[in-house]
Every structure is written in C-alpha cells, then in structure tokens.
Amino acid sequence: LPISYQVAMSYSDDAGATWLQGQQACLPAAIDTTSITPMRLRAAAVGGRVLLLAHVEGADWDEVYQYASSDAGCTFTLVDTLTGAPYGYPEVVALAGVFVVALLQNGAVSPYTQPVVRRLASPFSKLSAADAVTVDGASPMDWAAPTSALASGNYWTAGELALWADEDGTLYLAGLDFQGKAEGYLQCSQDGGDRKSTRLNSSHG
C-alpha cells in the first residue's frame, strides 16, 4: 500500500461524456498514511472556487480536513482541520452561492453521534469558526458506530450521511441508525440549512 496519498483533478466539457486530467497532485502536501487513514472526499464549486473536505482517521480521532481552491480545483490550500472530537462523513453542496456543509460530530452525551450543518460564504473561511446547527437534536439515533463518550482514541467503524439539494433549493439530509437496527432517517430544510428543518421520515417516529 502507498504511504501517502494525493488528490488528482479531472474535468469534462461535454457533460461527462469524456474526461481529461487537469492536475495530478492538487493538495499542497500529500496525506501521510503512516499515521492517517483516508476515508472520504467531498467537494462543491461556486464560480471557480472549490471547497474540498477530506475525512481521515487521524492519530486520536476521526478528523475532517478543509481545503480551498480559487483555480477550479487545480491547486488547494489547507484552510482548517476539525479535530479534538470525532468528526467525519462530510457532505457539501453549493446552494445560492453558499457552501452548505453537513458532517457527523461526536458529543459527550447519548446519542453520541449527531449531524451538524455549517454554512460558508467562501471555501477559505474556516469551517470550525462557522455556526453549527444540530440537525437532529431530538432523535435518539446514533448516526455512526461505535458510539461512546468523548475520549481520545474513539474511532468510527461505520457511518452514513447524505446531503443534496432539490431544484427549488430545498435541502435533504439522510442517514442510518447505528444503534443496531440500521433504520433510516430523512430531514429537509427550506432555509438553506440555516436554522429550521422538518423531519420527513424517521425510524423513530
């Protein structure tokens, strides 16, 4: 296995029928896998600016690296790292010129793992400084496994989160319950994920 990973960028100018590689190594430095395990990449673009989120299993926690690009993803700058508690399974969509980010975050009380949403006007604004809106504070489900109190060395062995936007600007967020039943949950927001959201369907009623 390689001891480091880079991110390559490919682009299409014919609606995805064919692809060309635009850059072979986009990150400012490769991710060293001697102590970090890459898990997931998500990206969104607004006017040539790209927000790239990388979920990694770090030395002590699941973490999320935030990268930003001003040249359509050819090169990226490391902007922020969400750490100090398990963070992971990020999703990002571009909506009305704003980056809407959803990710899972561990807390100190049960249910330990909950999704939070943050909004960024620029991919170069730090994700950790943005207001965090807890999407599912009333639901008893855990969105990742294992679930345990906040402590160094707690890693998720599984998790699931999906975020998408409809043509009318409605945001939808879906996940699974990892308390043992693996049942589903669906939430929507009609204010861009800012404050208000409505539960559409849940295994917990």
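**Salt bridges, strands and cores**

Arg42 sits in the partly exposed class, with a relative accessible area of 30%. That class lies between buried, under 20% relative accessible area, and exposed, over 50% (1.4 Å probe, protein chains only). The model is a predicted one: local features need pLDDT of at least 70 and side-chain atom pairs count only at pLDDT 80 or more, while totals for chains, interfaces and linings use all residues. Residues are numbered from 1 along each chain as its sequence is written, and side-chain values use heavy atoms, with hydrogens and water left out.

Now for the chain as a whole. Of the 205 residues in the chain, 44% are buried. Contacts (heavy atoms within 4.5 Å) were counted between residues at least 6 apart in sequence, and 47% of these join residues at least 24 apart. The chain exposes about 9800 Å², and 52% of that comes from carbon and sulfur atoms; such areas come from the Shrake-Rupley method with a 1.4 Å probe, and for residues only the protein chains shown count as cover.

Side chains of opposite charge can pair when their charged atoms come close. A salt bridge here means a side-chain nitrogen of Lys or Arg within 4 Å of a carboxyl oxygen of Asp or Glu, and the structure holds two of them. In one, Glu91 meets Arg40 at 2.6 Å, N to O. This pair links distant parts of the chain, as Glu91 is in strand E9 (residues 87–95) and Arg40, 51 residues away, is in strand E5 (residues 37–46). Glu91 also forms a salt bridge with Arg42, with the closest N and O atoms 2.7 Å apart. Arg42 lies in strand E5 and Glu91 in strand E9, so this pair ties together parts that are 49 residues apart in sequence.

Two strands count as paired if DSSP finds at least two bridges between them; E9 and strand E10 (residues 98–106) have seven, in the antiparallel sense. Leu95 stands opposite Val98 of E10.

What about the inside? A nonpolar core is a set of buried Ala, Val, Leu, Ile, Met, Phe, Trp, Tyr and Cys residues joined through side-chain atoms within 4.5 Å. The largest has 17 residues, of which Val100, Leu104, Trp143, Leu161, Leu163 and Leu173 touch the most other members. E9, E10, strand E15 (161–165) and strand E16 (171–176) each give two or more residues to this core. Another core, of 16 residues, lies apart from it and includes Ala44, Ala85, Val92 and Ala130.

Last come the cysteines. With a disulfide taken as two cysteine sulfur atoms within 2.5 Å, the whole structure has zero. For Cys74, the nearest cysteine sulfur is that of Cys26, 6.8 Å away. Cys74 is partly exposed at 25% relative accessibility, whereas Cys188 is buried at 10%.

Conventions
Helices (H or I, at least four residues) and strands (E, at least two) are DSSP runs, numbered from the N terminus.
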